[in-house]
Amino acid sequence: MSNTVSKKRRVMDFLAKGGTLTASQASSRFGVSNMRATISNIKEQVEAYGNWSVSSDDSPSGKTSYGMEFHGYTDNPHAIRAGLC
C-alpha cells in the first residue's frame, strides 16, 4: 500500500508543479499502472476543498494528458511542498 501512496504522491507533486502526464509517461516515470484510477483518486483528494482542479486534454493522436491547477490559499501544505507559494 505504501508503494501506491508513494506513486500517487509523486504524480501529485509533478502535476502540482505544472507538469502534465499521459498514462504512458506516468508508467515510465513513476511506475503507475492504472493512470485513470490514480487520477480519479488524486482528483477526489485535491478537489475536495476547491483549491485544486485536475484537468484532462485529448491530443490529436487520442492520448489523454492530465494536469493540475492551484486555485487556493497560499498556506496550503501541498502547494508549499510543490513550490507554488
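Helices (H or I, at least four residues) and strands (E, at least two) are DSSP runs, numbered from the N terminus. With that in hand, welcome to a predicted model, where local features need pLDDT of at least 70, side-chain atom pairs count only at pLDDT 80 or more, and totals for chains, interfaces and linings use all residues. Residues are numbered from 1 along each chain as its sequence is written, and side-chain values use heavy atoms, with hydrogens and water left out. The protein holds four helices and three strands, and from the N terminus on they follow the order α-β-α-α-β-β-α.

**The sheet and its hairpin**

- The three strands make an open sheet in the order E1-E3-E2, with antiparallel pairing (two strands pair if DSSP finds at least two bridges between them).
- Strand E1 (21-22) and E2 stand at the edges with a single partner strand each, so one side of each has no neighbour in the sheet.
- Strand E2 (residues 52-58) and strand E3 (residues 64-70) run antiparallel and are joined by seven bridges.
- To find your way along this pair, note that Ser53 has Glu69 as its bridge partner in E3, while Ser55 stands opposite Gly67.
- E2 and E3 form a hairpin with five residues between them, and Gly62 in the turn has a positive phi of about 95°.

- In soluble globular proteins, nonpolar side chains tend to be buried together.

**Burial, contacts and surface**

- Of the 85 residues in the protein, 33% are buried (under 20% relative accessible area, with a 1.4 Å probe and protein chains only).
- The accessible surface of the protein comes to about 5,300 Å² (Shrake-Rupley method, 1.4 Å probe), and carbon and sulfur atoms account for 48% of this surface.
- Among contacts (heavy atoms within 4.5 Å) between residues at least 6 apart in sequence, 45% join residues at least 24 apart.

**A residue to look at: Thr38**

- Thr38 lies in helix H3.
- Thr38 counts as buried because its relative accessible area is 16%.
- Leaving aside residues up to four places away in sequence, Thr38 touches Lys8 and Val32.

How values were computed. Buried < 20%, exposed > 50% of the residue type's maximum accessible area, 1.4 Å probe, protein only.
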